[in-house]
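User: Hello! I am new to this structure and would like to explore it step by step. Could you walk me through it?

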Amino acid sequence: MADNGIPLRRTLAANAVALAPSWGALAILYGAGELSGRSTLFAMAGIGLVTILLIQRYLNSLASFARFVGELSDEREPVMPRLSFAPATEELATAAATLSTGWRRQRASIDNLAASAQAIVDGLPDPLVSVDRQRRIVRTNLAAALLLGSSGGTERDVSTLLRQPQLLAAIDALLETGPDGNFSGPDQGVVELVLAGPPELDMVAHLRRLPRAAADGSLALIVLHDTTALRRAERMRADFVANASHELKTPIAGLAGFIETLRGPAREDAAARERFLGIMAEQADRMRRLVDDLLMLSRIEQHEHARPAADVDLTQVLRSVLDLLQLKASSRGVTVVLDIAPDLPRAVGDPDELTIVFQNLIDNAVKYARPSTEVRVIARPSGPERVTIAVADEGDGIPASHLPRLTERFYRVDAARSRQLGGTGLGLAIVKHVVNRHRGRLDIQSVPGKGSTFTVTLPAVRQA
Ligand SMILES: Nc1ncnc2c1ncn2[C@@H]1O[C@H](COP(=O)(O)OP(=O)(O)OP(=O)(O)O)[C@@H](O)[C@H]1O
Ligand SMILES: [Mg+2]
């Protein structure tokens, strides 16, 4: 009788062990003549039958218990079997179920911890890649996936993501072990690299070896830091200093040359002296303008975060600018037409700075207009709280490729022509900064051969 998968051998053995004492006692009684042979046989058969039945049910309970524990470890939610025939087994089963619930709870909290760790790593703004002892990728964060496209990333060599030889060499140095099995290289490093674009990015990789491998196998961390903007700012600063020095060098060299001439060959030549002094005054004026513009630019930049808040009468500003430029315009045969809407709201800003803006824009328009053409200055309300002022000329226009860089310091479409017209290439840079400070906008439209329109949009005073 073997049920529930209990081997027959074990069933027989259990029955033999259970029957041995009672059958032994009956045999002794029979031997002592206390029982007849018939009674002995009857008693043996009765006891045997009852014992076998009890043992069988007990074994069945044990088998159910074993099955229950098996199902618990399979992570199924098993039904507690009825184990009434084996009370001790029932308690064991309850204890096993409690154990399994606790174990499962711990397992869930470990999963949670792992998910939190990944969430923290994903929250880092800089791309992070971790590698194991064999330089295989173990973990990447979200920023790394976005930058390097590391989908389904782990288990591959890190060179599938980052190919820069100097970076790979630095990682190898970090993971290198000596003959004793201990790490022989540095435990951190910094490598500068360029990620091929577009857009091409300047990066600094910070490498660090962990004191010991993490549970997921991570041994070294690679954190990338984007330094493109920093590099660009550095380059711009260097360019700016070079440009400013160059702009000053030319008039200084001119002045020095004339001084030499006046001291030497032209010493007694009154006419030449007059002419040279005139040019020298022009050069000095040019240097003064340049320095004034540079100072103004740096002053505006310093205050760019603070928005000016005065009420500005734009009509008055535009009229005063026109008065200043009228002479220059008529000498070039250019007519400046003011077209101001009668209901033009006042602007929120700084009247002196806005004067500089329109002085620059109208000066450019007059300067780059063709002779005998019109420059139109059109001021209109725009929406409930804005006002736009457009300065349109009929000049040669600006090729589209130059438009994005036009407001950079010293940027000129035709440097020779601008210089000859007395320009420094700082005017539009100043305009851009002032407009930014006013939280306004500068739009440039130009059709080569037809003309250009520079449109400034400014916040207007809210009308009652
Ligand atoms: N209305 C315009 N038509 C054609 N080109 C223009 C016009 N306005 C500006 N530009 C181009 O943009 C360049 C930059 O203008 P910006 O006003 O900054 O410098 P500039 O006029 O040369 O010198 P500055 O204004 O410092 O005296 C000019 O050199 C010119 O090439
Ligand atoms: Mg200008």
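**Around the ligand**

Analyst: Gladly! In this predicted model, a backbone N or O atom of Leu 426 lies 3.1 Å from an oxygen atom of ligand 1.

User: How much of the accessible area of ligand 1 does the protein cover?

Analyst: On its own, ligand 1 has 590 Å² of accessible area. The space that ligand 1 takes is the largest pocket. Of that accessible area, the protein covers 95%.

User: Which element gives the most residues to the shell around ligand 1?

Analyst: The ligand is surrounded by 21 residues, and by class they are nine nonpolar, eight polar and four charged. Elements giving two or more residues are α9 (351–368), α11 (427–437) and β12 (451–459). With five residues, the top contributor is α9.

**An aromatic pair**

User: How far apart in sequence are the parts that Phe 240 and Phe 410 tie together?

Analyst: The count of aromatic pairs comes to two. One of them joins Phe 240 and Phe 410, a tilted pair at 5.8 Å centre to centre with 35° between the planes. Phe 240 lies in helix α6 (residues 228–263) and Phe 410 in the loop between β10 (386–392) and α10 (415–420), so the parts tied together are apart in sequence by 170 residues.

Terms used. Residues numbered from 1 in each chain as written. Chains lettered and ligands numbered in written order. Predicted model: local features only at pLDDT ≥ 70, side-chain atom pairs only at ≥ 80, totals over all residues. Heavy atoms only, no water. Near = heavy atom within 4 Å. Polar contact = N/O pair within 3.5 Å; in protein donor to acceptor, adjacent residues only side chain to side chain. Areas by Shrake-Rupley, 256 points an atom, 1.4 Å probe, with all protein chains shown as cover. 1 Å grid on protein atoms, 1.4 Å probe; cavity = no way out; pocket = protein on both sides within 12 Å on 5 of 7 lines; lining within 4 Å. Sits in = over half its atoms within 2 Å of the grid points. Helix = DSSP H or I, 4+ residues; strand = E, 2+ residues; numbered from the N terminus. Nonpolar A, V, L, I, M, F, W, Y, C, P; charged D, E, K, R; others polar. Phe/Tyr/Trp six-rings, centres within 6.5 Å; stacked < 30°, edge-to-face > 60°.
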